[in-house]
Amino acid sequence: MTIGQEDEPGPLVRPYAVTGGRTRPRYQLAIEALVSTTERGRRESIGLIPEHRRICELCLEVRSVAEVAAYIGVPLGVARVLVGDMAEVGLVQVHQPGNVEGQPEVTLLERVLSGLRKL
């Protein structure tokens with residue numbers, strides 16, 4: 001093993017290839033948006049690309065978009081594109097944060113601030 005090599009191999013396909021070259025989702029997707037696998041996602045996960053299949057498996061438990069990115073080992077922008085694509089075809093359901101006016105909830109902002117202070 002040479003210096004700087006990881007124990008685990010890197011991704012076989014560059015992230016932009018997985019998203020078809022797109023770097024932004026078709027609609028805004030907050031990093032704290034919650035994602036859950038739909039019934040369709042449970043049934044049809046066999047024929048999906050590996051990244052979509054992994055997201056379906058992960059989101060059997062509700063996860064944030066940021067968690068999805070971390071668990072599947074892709075940049076946040078790639079995770080947003082993948083999750084957005086999956087939501088469009090009904091494989092996952094996205095629960096966007098915010099209140100009626102579209103602004104973030106005060107409790108969410110307080111949790112973020114508390115987390116930052118702990119760093």
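Is E39 buried, partly exposed or exposed, and what is its relative accessible area? E39 is partly exposed, with a relative accessible area of 46%, where buried means under 20% relative accessible area, exposed means over 50%, and partly exposed lies in between (1.4 Å probe, protein chains only). The model is predicted, so that local features need pLDDT of at least 70 and side-chain atom pairs count only at pLDDT 80 or more, while totals for chains, interfaces and linings use all residues. Residues are numbered from 1 along each chain as its sequence is written, and side-chain values use heavy atoms, with hydrogens and water left out.

**Salt bridges**

- A search of the whole structure finds three salt bridges, a salt bridge being a side-chain nitrogen of Lys or Arg within 4 Å of a carboxyl oxygen of Asp or Glu.
- Side chains of opposite charge can pair when their charged atoms come close.
- E39 is joined to R42 by a salt bridge with an N to O distance of 3.6 Å, and R42 is partly exposed, at a relative accessible area of 42%.
- Both E39 and R42 belong to helix α2 (residues 39–43), where they sit three residues apart, about one turn of the helix; helices (H or I, at least four residues) and strands (E, at least two) are DSSP runs, numbered from the N terminus.
- A salt bridge also links the side chains of R40 and E44, at 3.0 Å from N to O; R40 is partly exposed, with a relative accessible area of 34%, and E44 is partly exposed, with a relative accessible area of 34%.
- In the salt bridge between R54 and E57, the closest N and O atoms are 3.9 Å apart, and the two residues lie three residues apart in helix α3 (residues 50–58), about one turn of the helix.
- R54 counts as partly exposed at 35% relative accessibility, and E57 counts as partly exposed at 44%.

- The search of the whole structure finds zero disulfides, a disulfide being a pair of cysteine sulfur atoms within 2.5 Å.
- For C56, the closest cysteine sulfur is that of C59, and the separation of 7.7 Å is too far for a bond.
- C59 is likewise in no disulfide, its nearest cysteine sulfur being that of C56, 7.7 Å away.
- C56 is buried, with a relative accessible area of 3%, and C59 is buried, with a relative accessible area of 1%.
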